[in-house]
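Work through the exercises below with the structure in view. Try each task before reading its solution.

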Amino acid sequence: MESLQTIRKAAPSLRAICCAALLALLLGLASALCPKQAAAAASDFYDTPSGEWYVQEGWIDYVTDNGIMSGYASEGVPTGVFGPEDQITRGQVVTVLFRIANPGDRTTVDPDQFASTSGFLDGNYPDYFNSAIQWASSLGIVTGYTTGPDAGCFRPNYPVTRAELATMVCRFAGVMGIDVSSYDTSAFYAAVDTSDVMPFAVETMMWCADRGLINGNKHGENGPLTLEPQQGATRAQAAKVFTVLLRDVLSGTVHQHQWQAHETWVPNIVTVVDVPEQVIRGAQFYVEDGDGDPNTLTSKGGPIYWFEDGFTMDDLEEIIMTGLRNADENGLYNGVYYGNYVNVEKTIPAQTHTEDHGSYQVDYYYCSCGATMPA
């Protein structure tokens, strides 16, 4: 609510008002886990020599053959690089677990199907791991950071620690129906650095050690065995963990889709825009606010003149001049103060119609469980 004197003192000349209003109106007017194709074997990569342990023991072959890990890609084209010694990230681990539980799902592979958010503070943009993080969080497999500077965030691009990897894998196994409450602790205590394991990961690392998912690092033939819980895990080490998890631990618990080809015809109803959505500007003048004091005005309820149907600034200027010329002793004309106004706008929805463009054929695969996959 403003006083009439204040508005009058602040009001510029008529020409300035019109020019300013006219000016205002004129001014107003990828990734290592989501390539398109997966390499078929370790021999297809440039950086996986045949003599390395992860090749000889078949870990990379297994994860690539089963579509849960792949090599790096650039703009959807495989680069021939697996990155066995690269650190695997938190987002990549969750994505692999998601793919194991949801074979055939495309939301971590097809950029057009990437979820727009992960549900955490740092996941408000489309990315391949978002749907996996949402899924894992809803099942309690991950919680994200709860304290410190990263509280409320998931930090998918942070390297995962070996303790975090063990915790995610153990919780995932529990979700998949595996009993993770009982385990032999001898494999865990065979390591010399068990005191380095954070409290949240002690039981999960015990279970992983017992099931052969994380065996620790042997330092020389007769050297000590270490778990290195706070160190990062490489992609080669993760390939071994995921292989043992899927091949041995979850054997028989993961549904294997039996795909069958199918086709259907989908109606092609197209919406055609006849007149686009329009934003119309206007000028709303001040009126008395109804409290009986002619010196207090409000724009609420004041008359609005819209710049539409041929109404122009010249028309508005003529209205203003008429109002000022015929104003009473309180500066009002028919209860309206024409010495100033506020800019307003309204939106007129687009006018559309629909057209039947026939039907088009969609080919896809389906499984008896209800899952589908594009052809």
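The exercises go from the whole chain to single residues and their partners.

This is a predicted model, in which local features need pLDDT of at least 70, side-chain atom pairs count only at pLDDT 80 or more, and totals for chains, interfaces and linings use all residues. Residues are numbered from 1 along each chain as its sequence is written, and side-chain values use heavy atoms, with hydrogens and water left out.

**Exercise 1. The whole chain**

Task: Find how many helices and strands the chain has, and what share of its residues is buried.

Solution. 
- Step 1. Count the elements as DSSP runs, numbered from the N terminus: helices are H or I with at least four residues, strands are E with at least two. The chain has 11 helices and 12 strands.
- Step 2. Sort residues by relative accessible area: buried is under 20%, exposed is over 50%, and partly exposed is in between (1.4 Å probe, protein chains only). Of the 375 residues in the chain, 41% are buried.
- Step 3. Take the accessible surface (Shrake-Rupley method with a 1.4 Å probe; for residues, only the protein chains shown count as cover). The surface of the chain comes to about 19,500 Å², and carbon and sulfur atoms hold 50% of that.

**Exercise 2. Helix H5**

Task: Compare the span of H5 with its expected span, then say whether the helix is mostly covered or open.

Solution. 
- Step 1. H5 covers residues 90–101, which is 12 residues.
- Step 2. The expected span is 1.5 Å times one less than the number of residues.
- Step 3. H5 is mostly covered, with 11 of its 12 residues buried. Among them are Arg90, Val93, Leu97 and Phe98.

**Exercise 3. Salt bridges**

Solution. 
- Step 1. Apply the rule: a side-chain nitrogen of Lys or Arg lies within 4 Å of a carboxyl oxygen of Asp or Glu. The count comes to six salt bridges.
- Step 2. Arg155 lies in the loop between H6 and H7 and Asp122 in the loop between H5 and H6, so the pair ties together parts 33 residues apart in sequence. Arg155 is partly exposed at 22% relative accessibility, while Asp122 is buried at 14%.
- Step 3. Arg247 is partly exposed at 36%, and Asp248 is partly exposed at 41%.
- Step 4. Arg281 lies in strand S7 and Glu345 in strand S10 (residues 336–348), so the pair ties together parts 64 residues apart in sequence. Arg281 is buried at 19%, whereas Glu345 is exposed at 52%.
- Step 5. Look for shared partners. Salt bridges join Asp122, Asp150 and Arg155 into one network.

**Exercise 4. Gly152**

Task: Place Gly152 in the chain, then find how far its C-alpha is from that of Phe120.

Solution. 
- Step 1. Gly152 lies in the loop between helix H6 (130–138) and helix H7 (162–175).
- Step 2. Gly152 has 29% relative accessibility, so it counts as partly exposed.
- Step 3. Gly152 and Phe120 are 32 residues apart along the chain, and their C-alpha atoms are separated by 6.2 Å.
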